[in-house]
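Have the viewer open as you read.

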Amino acid sequence: FLLAGLPGVAQFHHWVFLPFGLMYLVAVLGNGTILLVVRVHRQLHQPMYYFLLMLATTDLGLTLSTLPTVLRVFWLGAMEISFPACLIQMFCIHVFSFMESSVLLAMAFDRYVAICCPLRYSSILTSARVAQIGLGIICRCTLSLLPLICLLTWLPFCRSHVLSHPYCLHQDIIRLACTDATLNSLYGLTLVLVAILDFVLIALSYIMIFRTVLGITSREEQAKALNTCVSHFCAVLIFYIPLAGLSIIHRYGRNAPPISHAVMANVYLFVPPILNPILYSMKSKAICKGLLGLLC
């Protein structure tokens, strides 16, 4: 396959790498710092921060999945990628993306239990149960994506082998197949529907959280309860809005300009890993305190 840079800026690839390089640096440093802070400070060894650790790990994995090919395309000008390497990269990107959806759902459950069942929080979300949830997320995402790889290996590719992005995405690969790829599209759509189900469950958890918060008489306690959800709520919007946009533009935007596909894919892959650590560092006093302690 031949990877593609940003449409219309082929002659400026070396300059385009500068903002991409900066985004990678911010994402790796931000999520790496979250991992270090939670690991070092024992007072952060709580379910809420264990889930944050999972989110940072997922964002770091998603960032590093695209790094090799983006680096080669924009810095070295090397566009070629073998089919097995493309499959591995596609698998990693979609696994970590699917994993992020699952982690956000687990974090929503954590906030629901903390606000709606505070007296049972420590008995429901024990360290062992959090570990089980993490293992379940890994198994769910890995096993769900394996059939996608198997289905792709059966497809012959006899058309133009030029992809739309400097990395491999499932939606991009199946359009190059020279046979009917309906089964691949349907399976990909099923995974999107599972992610939508995650979002629906997150929305339901927030409806129950808001109902519980509205039943609290003290305004101060209401604000305190909602403040613990702000970072997670923003992380949900940052992840699901670009995901919806990318799915819609790949399915219905065949006549859309190529730059729109590239921009939406880059927003989907780069914005959450950059903004999530910033959001949690700004809104979580415990993370701020841990970060200051680490720096000092």
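What follows is a short report under a few headings.

## Ground rules

This is a predicted model, where local features need pLDDT of at least 70, side-chain atom pairs count only at pLDDT 80 or more, and totals for chains, interfaces and linings use all residues. Residues are numbered from 1 along each chain as its sequence is written, and side-chain values use heavy atoms, with hydrogens and water left out.

## The disulfide

There is 1 disulfide in the structure (a pair of cysteine sulfur atoms within 2.5 Å). It joins C86 and C168, with the sulfur atoms 2.0 Å apart. C86 sits in helix α3 and C168 in the loop between α5 (127-153) and α6 (170-174), so the bond ties together parts 82 residues apart in sequence (helices are DSSP runs of H or I, at least four residues, numbered from the N terminus). The torsion about the S-S bond is about -120°, so this disulfide is left-handed. Both C86 and C168 are buried (under 20% relative accessible area, 1.4 Å probe, protein chains only).

## A cysteine left out

What about C141? Its sulfur is 9.4 Å from the closest cysteine sulfur, in C139, too far for a bond. C141 is buried too, at a relative accessible area of 0%.

## Around L152

L152 touches F83, L87, M90, F157, H170, I173, I174 and N184, leaving aside residues up to four places away in sequence (contact means heavy atoms within 4.5 Å).

Definitions and conventions:
Helices (H or I, at least four residues) and strands (E, at least two) are DSSP runs, numbered from the N terminus. Buried means under 20% relative accessible area, exposed over 50%, partly exposed in between (1.4 Å probe, protein chains only).
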